[in-house]
Amino acid sequence: MLSIKDLKVNIEDKAILRGLNLDIKPGEIHAIMGPNGSGKSTLANVLAGREEYEVTDGSVTFEGEDLLDMDVDERAQKGVFLAFQYPVEIPGVSTATFLKSAVNAVREARGEEELKSIDMLKLLREKTAMVGMDQKFLQRSLNEGFSGGEKKRNEMLQMALLEPKLAVLDETDSGLDIDALKIVADVVNQMRDANRSFLIVTHYQRLLNYIVPDHVHVLVNGRIVKSGDKSLALKLEDQGYDWVKGEAALAE
Amino acid sequence: MSDSMQTLEAHTRSDYKYGFTSNIDSETLPKGLNEDVVRQISAKKGEPEFLLEWRLKAFRQWQSMVEPKWPNVDYPPIDYQDIIYYAAPKKKPVLNSLDEADPELIRTFEKLGIPLDEQKILAGVAVDAVIDSVSVKTTYKEKLAELGIIFSSFSEAVKDHPELIKKYLGSVVPPTDNFFAALNSAVFSDGSFVYIPKGVRCPMELSTYFRINERNTGQFERTLIVAEEGSHVSYLEGCTAPMRDENQLHAAVVELVAMDDATIKYSTVQNWYPGDKDGKGGIYNFVTKRGVCAGDRSKITWTQVETGSAITWKYPSCILKGNNSVGEFYSVAVTNNMQQADTGTKMIHLGKNTRSTIISKGISAGKSHNSYRGLVKVGKKAENAHNFSQCDSLLMGDRCGAHTFPYLEVENNTAKVEHEATTSKIGEDQLFYLQQRGISEEDAINMIVNGYCKEVFNELPMEFAVEAQKLLAISLEGSVG
């Protein structure tokens, strides 16, 4: 589904990703872990198409197409979803209006008809219940005055509504209490199926107590230096990142 | 400059695609202004003596005045002797059907959601459409007349109700008020007059909609609205459809008078020709608008959505004379390309317990300049006056400018005055967020801008608000295609 080959990315001429390789197959959950500044969030943002990031080399193919060649909205329409680490506030735009526009934009791109108001209402009701969000949030301005947890829950709501093929979660767990964390995990687990893939970017292992990944990768200095299964995450929690950093330094 | 800024600019950099031009015909006075021209205008309109005297007084005063230079706008000197001050209503080229109209114009109409009949009138299509409009108009007029409401052209009102004109004309904006008001008072061509009798609630929005075919009121328009005790009226001025005019200078005067417990709501959507990308040929909109809350508990609300004109220079104001009277000003001013706007309001608190609210939203794109200028004045006797002002500026791209000039004069220490101001750039983070959810860049910009203007749009009558939102999208997109 997603194939990243030798990806090199700069921010303001500083190399952040320095030759990253990753393959994600349909239905797989991959976790990317790594110390601060290793390039985890950069990877998430490059996949979504954020433009301060300059791709200097390498390729990213999504379902056989060149992902890097697509506009931001086109990537979203094709099924790439980014759950933001810091969702922005947009004053005056009601959450409901935004959600309806997003759902219909994605539907239109897929050649489906706009949802009728009544069906949209039903869908919103169903999905807000799924993420445990109070309906009253729909009438409020998008993310404005939402707490950290409410914003993340809103990200999960959007993921549930847009049903992406590949969902990238950028440190969605940061700043969440255990209950909120469980809700995030619960939504991912409910949506997990044979065709949908997830890329979970996280600093800590604790989210992986609730979402069991198929693969765990450790990112250090812009490269994946180690890959393994869930046990790798546990080892990282136990021993920190220093031992992988050491191995990586030896390899260079 | 980042890519998205460039795209943003590309979005906002195109030409104003449409307007109409017309042939100049006879019945026109020669260029230039002198006492004789003023006399001829009055004579051609068959005006009573008092009005001629009033015009002459204004003209003599105007001659001794100097054009003000204080606004934050820039334009070449105006040659007042190079302007035609009286021309008979101009004919637009008559078309047989909408198929003959400029397809770009029709696309704009469709985007704005203007009804078909109205489209025909705006595009200059003859026959049945106009007949429709006349019949609609007649029905409205009959209904209004039953309630004693007067809604007519200014010229008609001078003929039919000279006593009301004599009493109220210039009572809010004296002929000598300022350079452009004096000029208007001397040479005004026509305009609208509204009178709402005591206790009457006007049952419909009075709008230019059914004045469409008598819109050629020229560049010096005069509007006077009088709301008697306990009455209520909502007046809509302007049109979201693009308007072109060969007269570059527009110096209108609008006067509102609200008696005890009366309410006047005055909404404007202005979309005059802004000039080309280099700013050539656009309209100068130098307007004096002022209302007086003459009676206790009276209320005047100005709501404006300004997207057109090369230069917009106006301050719809309220004089809060009556005790417990209320003044409100809600404004969205959009400038793009080379447009300039210096607009805001004046709230003059004279009565006790008077309240005023100012919500101003400026949006600048291209290389334009957008200034908010506002005065809040609290007089000595205005016990417990309260003002709240909020002035926000939104910048699109990095070559435009936003400026805020708030003035405050408080002579009574019981006054409570609050002012908030923000300037923000349209957030690349916000755009990225919306686009990451599959929303196109254009729709994302519209969504953010409409969210930003929501407080003002909420004040507009419903259909007008919907049109204004679409207009904003078109103005910022810059192209109608």
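Where is B:Asn353 found in chain B? In this predicted model, B:Asn353 is found in the loop between strand E14 (340–349) and strand E15 (355–364) of chain B. B:Asn353 is not a glycine, yet its phi is positive, at about 50°. Most residues other than glycine have a negative phi. At 32% relative accessibility, B:Asn353 counts as partly exposed.

A:Asn221 sits in the loop between strand E11 (215–220) and strand E12 (223–228) of chain A. Its relative accessible area is 48%, so A:Asn221 is partly exposed.

Strands of a sheet pair through backbone hydrogen bonds, either parallel or antiparallel. E11(A) and E12(A) run antiparallel and are joined by five bridges. Within this pairing, A:His217 has A:Ser227 in E12(A) as its bridge partner. E11(A) also pairs with strand E3 (residues 29–33) of chain A. That pairing is parallel and has four bridges. Here A:Met33 has A:Val218 in E11(A) as its bridge partner. How many of the six residues of E11(A) are buried? Five of them are, so E11(A) is largely enclosed by the rest of the structure.

Chain A also holds an open sheet of four strands, in the order E2-E1-E4-E5. The pairing in this sheet is antiparallel. Strand E2 (14–24) and strand E5 (65–66) of chain A stand at the edges. Each has a single partner strand, so one side of each is left without a neighbour in the sheet. Strand E1 (residues 2–11) and strand E4 (residues 53–62) of chain A pair over eight bridges, in the antiparallel sense. One position to look for is A:Ile11, which stands opposite A:Tyr53 in E4(A).

Turn to chain B. An open sheet of eight strands runs in the order E3-E5-E8-E10-E13-E15-E17-E19, with parallel pairing. Which strands are at the edges? They are strand E3 (206–207) and strand E19 (416–425) of chain B, and each pairs on one side only. Strand E5 (residues 232–238) and strand E8 (residues 263–270) of chain B run parallel and are joined by seven bridges. In E8(B), B:Tyr266 is the bridge partner of B:Tyr235. In a regular strand the side chains alternate between the two faces of the sheet.

Next comes a covered helix, H9 (residues 179–187) of chain B. Nine of its nine residues are buried. Among them are B:Phe179, B:Phe180, B:Leu183 and B:Val187. The buried residues also include the polar side chains of B:Asn184 and B:Ser185. B:Asn178 caps the N-terminal end of H9(B). A side-chain oxygen of B:Asn178 lies 2.9 Å from the backbone nitrogen of B:Phe180.

Finally, look at where the chains meet. The size of an interface is often given as the accessible area lost when the parts come together. Between chain B and chain A, about 2,100 Å² is buried, and carbon and sulfur atoms give 63% of this area. In chain B, the residues that lose the most area to chain A are B:Phe432, B:Tyr433 and B:Arg437. Together they account for 38% of what that side buries. In terms of contacts, 21 residues of chain B touch 32 residues of chain A.

What polar links cross this interface? There are 11 residue pairs in polar contact and two salt bridges. A:Arg50 forms a salt bridge with B:Asp429, and their closest N and O atoms are 2.3 Å apart. On the side of chain B that touches chain A, the elements giving two or more residues are helix H1 (3–11), helix H10 (428–435) and helix H11 (441–457). H10(B) gives the most, with seven residues. By class, this side of chain B has seven nonpolar, eight polar and six charged residues.

Key: Residues are numbered from 1 along each chain as its sequence is written. Chains are lettered from A and ligands numbered from 1 in the order in which they are written. This is a predicted model: local features need pLDDT of at least 70, side-chain atom pairs count only at pLDDT 80 or more; totals for chains, interfaces and linings use all residues. Side-chain values use heavy atoms; hydrogens and water are left out. Buried means under 20% relative accessible area, exposed over 50%, partly exposed in between (1.4 Å probe, protein chains only). Contact means heavy atoms within 4.5 Å. Buried area is the accessible area (1.4 Å probe) that two parts lose on being put together, summed over both. A salt bridge is a side-chain nitrogen of Lys or Arg within 4 Å of a carboxyl oxygen of Asp or Glu. A polar contact is a pair of N or O atoms within 3.5 Å; within protein, one must be able to donate a hydrogen and the other to accept it, and residues adjacent in sequence count only if both atoms are side-chain atoms. Two strands pair if DSSP finds at least two bridges between them.
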